[in-house]
Each structure stands twice: as C-alpha cells, then as structure tokens.
Amino acid sequence: MRSFLTELAHVAGKIARQHFRSLGHQATSKKGRNDYVTFVDRNIEETLSVRIKSQYPDHLIVGEETHEAFGDYEGPAWIIDPIDGTTNFVRGIPHFAISIAYCEKNFEPKFSVIYDPMKDELFFAEKNAGVWMNNERIYTSNCKTLEESMIACAAPFRSMDATDDVFAIIKELQPQIDDIRRAGCCALDLAYTAVGRCDAYWELGIWPWDTAAGELMVRCAGGIVTDVRGNEGDLLTRRSIIAAATPELHALLSKACARLQPWLDKAPYTDHLVALQKQA
Ligand code: LIP
C-alpha cells in the first residue's frame, strides 16, 4: 500500500507541477466565494480515481470534486483532495498538496499520504506504525505550553459569519504564543504539525478531504486530533479541527477555541457529507 500511495502522489504531483503558474483565468472557475476549482484539480482527481479503480474496482472514492453516494457503506474507501490549497495554486504560491487517505473500514484512515510537489516532500502515515517524511521517521514536537508554540490556523474565507469569533481567538492567542501561521493549505498545516514545524493547528469550516490524511498523520506522529468539541471520530461529519503535538497543548488550545463550539449547530457548519447525501 505504501508504494501504491507513493506512486499516486507522484503522478498527481507531476500534473500539478506541469500546470503551476501556467493557468489562464479561463482555466479557473468558482464553486462559491473564494472556492476555486481548476481543470487541474479535476484532472488529478480523475487520474487518481482511474488508477485506484483499476486496482480496487469495488472501493468507494470520496473526492473533493466528485463523491460517490455512500449510504450505509462501511467498506474500503479513499478520501482524496487533488489539490489542497487551490487558492495558493491559482495565485502561483508554491504551497499546496495532494492529500490521499485510505480507509479499510468505517471511514477510519489506515494509510495516508500528503505530497508537496513543489518542495518534493512526501509525508506517509500508517496506523499503529508511524509517519515518515521522505523515508525519515518523524514525530510531533514535545511542545506542551502556549508560550513555546507555533500555531497554524485559518481565517474565514468562504462563510464569513464566524469571523469575529475566529479573530477574537487569534487576538487572545497571539500575545501568549510564539507566533501564528495562516499558510492556506490544511493538509500541509497537519503534515507540519506531524513533523514538528508547527506545534498545533485549528480551523473552522474544513471538510473530510482536507483533513483525512493529515489527521492520521498527526495521531501516528504522537499528537492529538479532535473537533472543537473534543470529538475524535466521525470523519464524515467533521467541520472543525484542533490538532496538537501533545495532550497538554491540545487542552490549552481547545479552551482557547471554545467560543467556536456553537457554530457547529449553525449553517453552513451543519452541512456535512452525511447531511448533504441525505438532501440529495
Ligand atoms: C483550503 C485552503 C484554505 C484552508 C482550508 C483548505 P482548498 O484548500 O484554501 O486556505 O484554510 O483548510 O485547505 O479546499 O481550497 O483546496
């Protein structure tokens, strides 16, 4: 599985590199406010789906651009983000990634890969085994306090309703921590938390394809991942995330982010994959 995932990541990365900084405006369309999709996203997702289906015809594929109906499906599934950080990609900022998670059953990731094609960094995780960056075993930092922490996060960019709460959290945190980063690629925020470049990451508004691969990575590297209410499971309904290097830092960050909890009961955060499927 490791070599298959690595091959998928490299094939996808090659396509992304070929088209980086060569997209005209016509090549970009918007699914919503600040929600870009390019033919490159679609091309990569299609290429990955064809390769996966030729090897595993019965497996389900849940991709950012196209997802099959899954009903009560509990079998093997692949969760794919062909380009996480599409806005960076479209603007020529070399910080985006291909994110692929393989779930053997119940949508619980067992293997995952995140590939940054511009820096040629490949992060691979296997449940109960560990995480590697370009074949080197990696671990989260041992950071337990806010004072020493570098914390990745996101500013609201599609739905703006929670903006005041998100910036209130940043305002409270910033004087207490080392610094924040808003780099625009959830998958790499999680990979960087796994490798100890960042100590934690939080965001409201994520989708399973943004987080599936990276969640496994942070856990396998020794960290903790939940939503803003402290729930660990339910990948398919997750719309928020707090990932941290240690339980201590996770607890401090969860407390700081508590004001986000009520948003999970409000639109658009009540939209999640299971709910959307029921509406369809
Ligand atoms: C998104 C980024 C965004 C980040 C999200 C997600 P997508 O990628 O653009 O900055 O906050 O978590 O990673 O969905 O546009 O490829």
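In this predicted model, an N or O atom in the side chain of Arg-182 lies 2.9 Å from an oxygen atom of the ligand, a polar contact (a pair of N or O atoms within 3.5 Å). The ligand lies between domain 1 (2-138) and domain 2 (150-265), because both give residues to the shell around it. Taken alone, the ligand exposes 370 Å², of which the protein buries 96% (accessible areas by the Shrake-Rupley method with a 1.4 Å probe).

**Ligand surroundings**
- The ligand has 16 residues around it, and Asp-84, Gly-85, Arg-182, Cys-186 and Glu-203 come nearest (a residue is near if one of its heavy atoms lies within 4 Å).
- An N or O atom in the side chain of Glu-203 is 2.8 Å from a ligand oxygen atom.
- For Gly-85, a backbone N or O atom lies 2.9 Å from an oxygen atom of the ligand.
- The shell comprises seven nonpolar, three polar and six charged residues; Ala, Val, Leu, Ile, Met, Phe, Trp, Tyr, Cys and Pro count as nonpolar, Asp, Glu, Lys and Arg as charged, and the others as polar.

**Domains**
- An automatic or database assignment sets the domain bounds, and the C-alpha centres of domain 1 and domain 2 are 20 Å apart.
- In contact (heavy atoms within 4.5 Å) are 41 residues of domain 1 and 26 residues of domain 2.

**Basis of the values**
- Residues are numbered from 1 along each chain as its sequence is written, and side-chain values use heavy atoms, without hydrogens and water.
- Local features need pLDDT of at least 70 and side-chain atom pairs pLDDT 80 or more, whereas totals for chains, interfaces and linings use all residues.

Technical notes:
A polar contact is a pair of N or O atoms within 3.5 Å; within protein, one must be able to donate a hydrogen and the other to accept it, and residues adjacent in sequence count only if both atoms are side-chain atoms.
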